[in-house]
Amino acid sequence: MVRYAIRRLLLILPTLFLVSLFVFAIVRAIPGDVVDMMLEQFQYGRDADELRARLGLDRPLAVQYARWASGVLRGDLGTSLWTNRPAVRDIAARFPVTMTLSFLSIAISLLVALPIGILAAVRQDSGADYAARSFAVAALSVPNFWLATLIVVLPSYYFQWAPSIGSFTTFGERPGVYLDQFILPALCLGVAQAGTIMRMTRGMMLEVLRQDYVRTAVAKGLGGAAVVLGHGLRNAAIPIVTVIGGQLPFYFGGSIIMEHIFGLPGMGSFVLEAISRRDYPVIQAVNLFVASLVVLSNLLVDLSYGALDPRVRQD
Amino acid sequence: MWTFVRRKPLGAAGGLLLFAMLALGLLAHVVAPYDYDEADVFSRLKAPSVDHWLGTDNLGRDLLSRVIYGARVSMGVGFGGVALGLAIGTSVGLVSGYFGGRLDLLVQRVVDAFMCFPLLLVALTIMAILGPGLENVILTLGLVLGIRDSRVIRSAVLAVKAHLYLEAARALGAGHAGTIARHVLPNILAPIIILGTVNLGAVILTEAALSFLGFGVPPPRPSWGGMLSGSGLVHMLRAPWLALWPGIALSLSVFGANMLGDALRDLLDPRLRGNR
């Protein structure tokens with residue numbers, strides 16, 4: 001296991017390097033007319049030369065990368081053109097909001113998807129199965145931002161009730177109110193993503209339940225729950241964990257939209273603000289931070305994969 | 001064709017739905033009762049009526065016409081993005097899988113790194129560089145999905161490469177280009193078709209999300225996502241039908257693409273069944 005873990009750890013280095021190259025390229029890809037716009041509309045510098053210097057574009061390419069990368073390694077993710085604050089400070093302030101939203105959404109997805117997926121597999125081709133599969137297809141087809149818009153619009157029109165949007169309570173102020181603010185966005189995001197996980201759970205469970213060892217377990221007199229959960233789910237868990245780990249970018253993408261609709265001050269609304277202000281250092285910082293996070297979570301998924309399935313460790 | 005309808009009625013229904021949306025988009029100028037930006041200041045935010053079947057928006061524009069013209073944007077971006085994505089994905093996947101070796105290793109690490117960025121974040125970032133616009137949305141989504149698809153194409157190429165007929169073709173003196181065109185490409189058509197249909201839903205949804213956030217297809221061109229966007233929220237609170245129709249059209253299109261994609265996958269590639 002230790003050798004597997006070390007090998008897997010070393011493999012993330014080239015990936016991180018390539019991720020950094022992508023992020024590094026962002027500022028270098030800005031077309032000239034956008035530079036003019038940045039100067040005229042947002043006054044990010046007196047002239048193009050000053051702006052280029054602020055963005056660190058005034059040296060040879062290799063020197064630029066070395067300076068930028070060494071800054072990143074020391075925790076300097078760049079400075080906002082708009083606020084002149086280090087981007088890393090805003091990310092630190094906003095990251096907990098996005099994390100809370102993502103974890104709540106994942107929890108809701110699992111609470112919805114696992115029981116329904118298992119039930120649909122155990123009672124294959126029954127009414128319940130068809131209902132579950134229809135739910136999954138609906139969840140995949142209905143855009144989460146539309147669902148969220150309807151949740152805001154319809155109750156307010158018909159019942160004069162609206163979720164509080166605009167004023168944000170921090171966890172330190174009132175923890176209960178803090179969590180309340182996440183329920184609706186997490187529901188929209190969680191239910192939408194539950195469709196994918198449900199289909200996956202159903203498919204894996206169906207495959208596992210047909211195996212010989214499941215028949216053996218039934219034959220030796222184990223009860224339904226012990227077979228389904230102990231033998232079925234345990235073996236179906238590996239691909240399910242992989243899927244959920246792989247879904248992390250989707251939850252982040254979804255949280256951009258949810259934070260926008262429900263006025264949550266997380267990383268998503270941060271990057272949207274930066275994009276509308278053409279604040280490229282911030283756009284870079286968020287991209288780098290999020291991608292590194294995904295690299296790390298992929299690593300964790302692979303390691304847990306190794307822990308769940310002994311076959312993965314040896315080869 | 002008829003066997004498909006009989007064996008996969010839901011998939012056929014999805015295809016029909018998609019075809020209807022496509023026809024609606026292509027014939028928008030014929031079908032739509034009004035022009036999409038024809039504003040009538042005297043009938044603003046009107047509920048659905050005989051004159052305006054789906055009601056009007058805050059500028060007095062006919063919603064039915066805007067939803068119909070929205071199909072043009074969604075289908076245009078959808079089919080354009082998918083075509084570009086397949087072109088990119090197939091070329092990258094073919095080259096990487098067919099030639100293998102160090103090139104393959106390098107290309108796959110680049111794809112790995114690219115996949116670490118959430119789809120919506122990459123799309124937003126590229127749109128922030130290119131600027132809003134219909135063509136830029138197609139370009140962005142085609143590029144992003146193409147790079148992701150290349151992974152699937154590559155594994156299909158690897159599966160074909162293992163067959164003896166490829167070795168035989170090479171032994172008979174066929175060049176690389178000829179081998180790819182005559183032997184590899186025809187044998188990976190199934191995954192290409194499946195990818196295209198599955199991607200169609202994803203492209204339509206992502207375009208809508210981009211326009212919803214204000215970085216996709218700019219007004220006055222009606223995009224379903226843009227029609228639902230935050231700036232209209234004030235009006236939606238007074239006229240909820242504004243929020244209803246574009247969402248329904250969007251969901252139906254994505255539903256159609258998903259159903260058709262599922263059915264095609266079941267028929268063409270049983271190995272992928274239930275893998276989503």
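Helices (H or I, at least four residues) and strands (E, at least two) are taken here as DSSP runs, numbered from the N terminus. This is a predicted model, in which local features need pLDDT of at least 70, side-chain atom pairs count only at pLDDT 80 or more, and totals for chains, interfaces and linings use all residues. Residues are numbered from 1 along each chain as its sequence is written, and chains are lettered from A and ligands numbered from 1 in the order in which they are written.

The C-alpha trace of chain A spans about 80 × 60 × 35 Å along its principal axes.

The mean is 82, and 97% of the residues of chain A reach 70 or more. Go to helix α5 (residues 87–122) of chain A, where confidence is highest at a mean of 90, then to helix α14 (residues 310–313) of chain A, where it is lowest at 68.

Now look at burial across the chain. A residue is buried if 20 or more other C-beta atoms, placed from the backbone, lie within 10 Å of its own; 38% of the 315 residues of chain A count as buried.

Finally, bring in chain B. With contact meaning C-beta atoms, placed from the backbone, within 7 Å, chain A contributes 43 residues and chain B 37 residues. On the side of chain A that touches chain B, elements giving two or more residues include α1 (2–28), α8 (175–209) and α13 (280–308) of chain A. That side of chain A holds 33 nonpolar residues, nine polar and one charged, where Ala, Val, Leu, Ile, Met, Phe, Trp, Tyr, Cys and Pro count as nonpolar, Asp, Glu, Lys and Arg as charged, and the others, Gly among them, as polar.

Notes: A residue is buried if 20 or more other C-beta atoms lie within 10 Å of its own, exposed if 12 or fewer, and partly exposed in between; C-beta atoms are placed from the backbone. pLDDT is the predictor's confidence in each residue, from 0 to 100. Two residues are in contact if their C-beta atoms, placed from the backbone, lie within 7 Å.
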